[in-house]
Amino acid sequence: MLCTRLTNARFLTMDPDHPVAHDLGVWRGRIAGLDEAVTSLPAREVVDLQGATVLPGFIDSHVHLAWTGLKAATPSIAGRVRAEDVLAGVAEAVAARPPGSWVSIAGYDQRALGRHLTAAELDTVSAGRKVFMLHDSGHGCLVNTAVLDLLPAGVPHEDGFLAEQAMGPARALRLPYSQDELADAIARAARTCLSEGVTACAEAGIGGALFGHSPVELGAYQLVREQGRLPVRVQLMVAAETLRPVAAHAADGIPRALDLGLRTGFGDDRLSVGALKIYTDGGMMARTAALSSPYTGRDHAGQLQDDPETLAGVIVDGHLAGWQLAVHAIGDRAADVALDAIERAQKIRPRPEARHRVEHAGLIRPDQLARFARLGVSAVVQPSFLRDFGDDYASVMGEERAPWLYRGRAFLDHGIPLVGSSDRPVTIGAPLRAIQFMVERLSSSGRPIGPAEAVTVDEALTAYTIAGAFACHWEDSVGSLTPGKRADLVVLGDDPRRAAPSRIGDIEVVAAYVDGRVPDRPTP
């Protein structure tokens, strides 16, 4: 007897051996069969989906769950475009906190104001509190004088704005969050993912100075899972700075590792350790993505997180220690550093099965595409960046480079795995909205951004299913509605393949199933 049979639907399986089905059977959390293989079998529960379209659950291959959940519960000044309005929002948040306390504020983006605010301006409304405003990109923060006075001597800042590594000491003053706080934030963000049809995701960096929230952050994920509040599958990327020298056997060739040699693959189907997260540059929103030539109209080209040889050393050592690598590289100069180091690592110890990834791949020159392909590196992109920020990004890249932003077609034409993701909470996480952009290549204002990089609906769906599973080493368990795989699926109110491209992002997510059931619904 089946546990559940889902019927009267159009199942788009993403499996070329059985691309469309009308019935799907579930047994103990896995897909037992399709169509005639299950139609006549008895089932404890039969669910009539009333003609809905069903796809494999979406995989968001680059998210920040703890940050997303914390941001949702943090006072925000998002949407305020005048300095006086931002300061008024800060004053409101300050008034709600006791004297001498920390005040965290979300939604800061200097682009909305046309300039950065200063520590002195924050001081006028701080009333003795320590104010910390995280930049929406996550690659910088604005603090007031009360925080600057606590920083070690020599930490660089521009009138209270700390970028990239300079923000680490400021974050360290506020951290760590408790595991209970983090568990609540993770659970909150995971429910949002599920509501958007995401059934599995990769958390893009825990334990580090830039995006980490506690030195025992992995424990918070274990806690929320033990509490039964983790409704989606989560793979955890570990910040590379958590590696340390180890006295391993010479034959192992492992120069740096986590304690006990923990590496990619540890865990189970619901919570596991994924890639080693390595930052090579900053972000385009904060103008710290490392480019090979300056931003248009500016006299700088961003910055690397460290000197290239030091970054390469971390990449090589992570590879030698058996990790899959997830190398953050937004600018083309950073991509050069990442590709050079991965190539060096593969020459020292070939690991073609490693499936190293470049996270973002935001600006990739034409000459870099063949190197991606030759090294077998996946491009994990965030299409919604260009939907929401494309007008700005295209302007700061200029006419020649704008078509190279967050590519689609060029990656596929070169045989490079194209993997979809959101980087939530930097921008919206909804996969259907991102899929619409991948097909249309239009910013929210209607501006074409690299229209030659458009892909088909099928190719965009693949980026959020099959390709996401491959990038996370999950292809044997999720990514397609294939018998034997986990019964993770999303029920949609319309078929993205048949809907007008401009409507894809508005398709209703009716329900999402994980292991053959809707989380929080009673088991039949």
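Modeller: Two strands pair if DSSP finds at least two bridges between them. Helices (H or I, at least four residues) and strands (E, at least two) are DSSP runs, numbered from the N terminus. This is a predicted model, in which local features need pLDDT of at least 70, side-chain atom pairs count only at pLDDT 80 or more, and totals for chains, interfaces and linings use all residues. Residues are numbered from 1 along each chain as its sequence is written, and side-chain values use heavy atoms, with hydrogens and water left out.

Colleague: Which residue in S2 is the bridge partner of Leu-12?

Modeller: The partner is Val-20. Strand S1 (residues 2-12) and strand S2 (residues 20-21) run antiparallel, joined by two bridges.

Colleague: How many bridges join S1 to S5, and how many join S1 to S3?

Modeller: Eight bridges join S1 to S5 (residues 43-56), and these strands run parallel; Arg-10 has Thr-53 as its bridge partner there. Three bridges join S1 to S3 (residues 24-27) in antiparallel fashion, with Thr-4 opposite Val-26.

Colleague: Is S1 mostly covered or mostly uncovered?

Modeller: Buried means under 20% relative accessible area, exposed over 50%, and partly exposed in between (1.4 Å probe, protein chains only). Nine of the 11 residues of S1 are buried, so the strand is mostly covered. Asn-8 lies in S1; its phi is near 55°, a positive value in a residue other than glycine, and Asn-8 is partly exposed at 37%.
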